[in-house]
Every structure is written in C-alpha cells, then in structure tokens.
Amino acid sequence: MDGVGSFGAGRTGSATDPITFVRQPTTILRVLTWVFSLVVFAPIVNEGYVNMGSERLHCIFNKNADACNYGVFMGLVGLLACSFFFLVDYKFSSISSVKDRKKAIMLEIGFSGFWTFLYFVCFCFLANQWSRTSPEMLPLNQGADAARAAIAFSFFSIITWAGLTVRAVQKYLLGTDMTLFTTEHMDGGAPSQPYPSNSPVDATTIETTETYHSPPFTENNAAPTYQVPIY
C-alpha cells in the first residue's frame, strides 16, 4: 500500500502531498469511476428519450422508463459518491482518531461493494432492454449511440467500483500501527505529556559506596583522672 501508519495513511495530522495523492492507484480509480458515472447518466438525460410521432417521450430502452431512470440514478449517485470519497481520501491523513479512520474505511467498503453489485444489475438490465428494442421504435436510429455508451460504461463501472472495493479492503487489513497513537488519540484527543513526579525521595533507597568511618577523637574519650602531688 501507499501509506505507512493507520489504515494505510501517514502519521496523524501529517500534510497531504497533492502530487503523491494524485499518483495513488486509488485516486486514479476514483477519477475513472467519476468519469464513467458521468458518461452513464449524461447520454440518457440528453438523448435517452425520443418522440415517436406523438407529444409523449419514450425511453430508448424498449420504451421502459424504469431502465432510463435506473441508469440516471446509478450514474448520478455514483458521481456524487465519488466526489465525497475523493474528499475523504484527501483528508484521511488529517483524521486524528483511529476509530474515525476505521469507520471511514468500513463505509467505503460497504458502499463500494454494494455499488459494484448495483452496477452489475444496471448493466444486465440496460443490455436486456436494449436487445428487445426493435428498429421501428427508434426512427433514424435515434439515441442508439447514447444507449450503447450507457451500457458500455456501466460495464466499465463494475470494474472500477470493484477495484475501489479491493483497495479499501487492503487498507482495512493493514490495521493500525498502535505505536503512532496513544489512548487519547484513539478517542480523538491530543496526547498529554506526563508531569515530573514531586514525591519525596526515600533516603533509605539511596545506596552509597562510601565506607563508614568513626569520628575522630572517640577512642580516648574517658575523662582524665586527677593525681594529688606528694610533697
């Protein structure tokens, strides 16, 4: 993985290098997914509905409005989700709490995996409805290119969303480097410096290497006796 530390990111509070961030595989996949999502729903919005001899517009996918609505929903929500997770990736290193980082990774795993499945359904649904669309339903082949683009990029979106899911799982499996965080960091707080102890020092615990010497003038400490002179 790219980072070192908590869930593949750098140390908490570290600044993100834009050049390094852009070169990351996750960022490249995210940008591709954003573009693919745009291509899925934009052609349907612009050319996905045609007027077949009446004032009422019909969906180019076998006149099934649900197919057009589903494609627009998948592309639009996928684009917004890519923008959101792009910001999360950029700000990930500044998240100080390990628990918040874990929640962000789990949210990405759940959403990316779920959206991969929904895009698979979208691809199958659009392809099935397009195969049932007869040439008579589309005079002058109106909207054919838009339909093919939506189907093709729905398939490409399956690959990119699956890749994002794998990358998120890899980041989660890296776990946490607990040497970078204290208990306060795990709760989102700042680390505190321990204060020096002011407790008195027990003199009995101090070992001295000096030998004991008896004080001077203690050997002949007896009081002198007085002798009476003899005349």
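The questions and answers below concern a predicted model of a protein chain.

Trainee: What pattern do the helices and strands of the protein chain follow along the sequence?
Mentor: The protein chain contains 6 helices and 2 strands. Taken in sequence order, they give the pattern α-α-β-β-α-α-α-α.

Trainee: What share of contacts in the protein chain, among those between residues at least 6 apart in sequence, join residues at least 24 apart?
Mentor: The chain has 231 residues, and buried ones make up 33% of them. For contacts between residues at least 6 apart in sequence, the share joining residues at least 24 apart is 79%.

Trainee: Are α3 and α4 roughly parallel or roughly antiparallel?
Mentor: Helix α3 covers residues 65-91 and helix α4 covers residues 98-131; their axes lie 10 Å apart, at an angle of about 155 degrees. Angles over 145 degrees count as roughly antiparallel. The helices α3 and α4 are therefore roughly antiparallel.

Trainee: How many nonpolar residues does the contact of α3 with α4 have?
Mentor: The crossing in which α3 passes α4 is left-handed. By class, the contact of α3 with α4 has 3 charged residues, 4 polar and, for the class asked about, 19 nonpolar.

Trainee: How are α4 and α5 oriented to each other, roughly parallel or roughly antiparallel?
Mentor: Helix α5 spans residues 144-173, and its axis comes within 8 Å of that of α4, crossing at roughly 155 degrees. The cut-off for roughly antiparallel is an angle over 145 degrees. So α4 and α5 are roughly antiparallel.

Trainee: Is the crossing in which α4 passes α5 left-handed or right-handed?
Mentor: The contact of α4 with α5 divides into 24 nonpolar, 6 polar and 4 charged residues. As for the hand of the crossing, α4 passes α5 in one that is left-handed.

Trainee: Is R30 buried or exposed?
Mentor: R30 is part of helix α2, residues 25-47. Its relative accessibility is 1%, and the cut-off for a buried residue is under 20%. R30 therefore counts as buried.

Trainee: With the side chain of which residue does the side chain of R30 make a polar contact of 2.7 Å?
Mentor: The side chain of R30 is joined to that of D89 by a polar contact of 2.6 Å. Beyond sequence neighbours up to four places away, R30 touches C82, F85, F86, D89, E108 and L164. The polar contact of 2.7 Å is made with the side chain of E108.

Trainee: How far apart in space are D89 and F21, C-alpha to C-alpha?
Mentor: D89 lies in helix α3 and is buried, at 13% relative accessible area. Leaving aside neighbours within four places in sequence, its contacts are F21, T26, R30, E108 and K171. D89 and F21 are 68 residues apart in sequence, and their C-alpha separation is 8.6 Å.

Trainee: Where is N62 placed?
Mentor: N62 is not a glycine, yet its phi is positive, near 60 degrees. N62 has a relative accessible area of 21% and is partly exposed. Its place is in the loop between β2 and α3.

Conventions:
Residues numbered from 1 in each chain as written. Predicted model: local features only at pLDDT ≥ 70, side-chain atom pairs only at ≥ 80, totals over all residues. Heavy atoms only, no water. Axes fitted to C-alpha atoms, helices over the stretch in contact; angles between N-to-C directions. Helix = DSSP H or I, 4+ residues; strand = E, 2+ residues; numbered from the N terminus. Parallel < 35°, antiparallel > 145°, perpendicular 65-115°, else oblique. Left-handed = near helix turned anticlockwise from the far one by under 90°. Nonpolar A, V, L, I, M, F, W, Y, C, P; charged D, E, K, R; others polar. Buried < 20%, exposed > 50% of the residue type's maximum accessible area, 1.4 Å probe, protein only. Contact = heavy atoms within 4.5 Å. Polar contact = N/O pair within 3.5 Å; in protein donor to acceptor, adjacent residues only side chain to side chain.
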